[in-house]
Amino acid sequence: MSKRTHPRGTARPVRLLGDPVLRTECDPVRTFDASLERLVDDMFVTMYEEDGAGLAGNQIGVGLRIFVYDVEDDRGRRHVGHVVNPTLVAADGELVVESEGCLSVPGLRFDTPRHHHAVVEGVDVKGRPVRVEGTGYFARCLQHECGHLAGEVYIDVLSGDARRKAMRAIRALRE
């Protein structure tokens, strides 16, 4: 399957910064059934339609701990998958500051510090254990999506001048 297509699913509207669902910690998934599988399909379709690298449940208004991703690591290896009830168990290594964006904050990118290495553990749609480990941009994606599920957006990790610049840019968009 190419980066732009997914065999099934329906695109859903992406929630934008200011929507309370983005600032609410997501609940654990407790029911593993066909509706969860449909949600994952819808999330992939939405992510591809919006040209994203990852998408968390609350970004489409679903307050459940789940995210999907399709992203390359620092060696150019493509990683495609999903994690249900993820826990960021490691974010370590060099702190790298690179441009980062978000589908819920469209049109803006800011230099954001993230660790070079990340590990996420959770389960898949069938409830089977999953461990995902990434470096580079993939590690950035894992940290970003786990942040969403905690009710955070990437601008929350900014500080000092970078945070002030981001907040000014966001306010300017709303005017």
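Q: A salt bridge is a side-chain nitrogen of Lys or Arg within 4 Å of a carboxyl oxygen of Asp or Glu. How many of them does the structure hold?
A: This is a predicted model, where local features need pLDDT of at least 70 and side-chain atom pairs count only at pLDDT 80 or more, while totals for chains, interfaces and linings use all residues. Residues are numbered from 1 along each chain as its sequence is written, and side-chain values use heavy atoms, with hydrogens and water left out. Side chains of opposite charge can pair when their charged atoms come close. In this structure, the number of salt bridges is 14.

Q: Which residue pairs up with R23 in a salt bridge at 2.5 Å, N to O?
A: R23 sits in the segment before α1 (34-49), and its partner lies 133 residues away, in the loop between α2 and α3 (160-174). Helices (H or I, at least four residues) and strands (E, at least two) are DSSP runs, numbered from the N terminus. The partner is D156.

Q: Are E100 and R140 buried or exposed?
A: Their side chains meet in a salt bridge at 2.6 Å, N to O, linking strand β3 to helix α2 across 40 residues. The scale is relative accessible area, with a 1.4 Å probe and protein chains only: under 20% is buried, over 50% is exposed, and in between is partly exposed. On that scale, E100 and R140 are both buried.

Q: What is the relative accessible area of N58?
A: Look in the loop between β1 (54-56) and β2 (66-72) for N58. Beyond its neighbours within four places in sequence, N58 is in contact (heavy atoms within 4.5 Å) with R15, V21, L22, T24, C26, H148 and L149. A polar atom of its side chain also lies 2.8 Å from the backbone oxygen of H148. N58 counts as buried because its relative accessible area is 0%.

Q: Which element gives the most residues to the lining of the largest pocket?
A: A pocket is an open set of points on a 1 Å grid over the protein atoms alone, where a 1.4 Å probe fits, with protein on both sides within 12 Å along at least five of seven lines; lining residues have an atom within 4 Å of a point. This one holds about 330 Å³ of space, and among its 19 lining residues, the closest to the centre are G52, A53, G101, C102 and Y137. With five residues, the top contributor is α2.

How values were computed
Grid points are joined across faces, edges and corners, and a volume is the space filled by probe spheres set on the points. A polar contact is a pair of N or O atoms within 3.5 Å; within protein, one must be able to donate a hydrogen and the other to accept it, and residues adjacent in sequence count only if both atoms are side-chain atoms.
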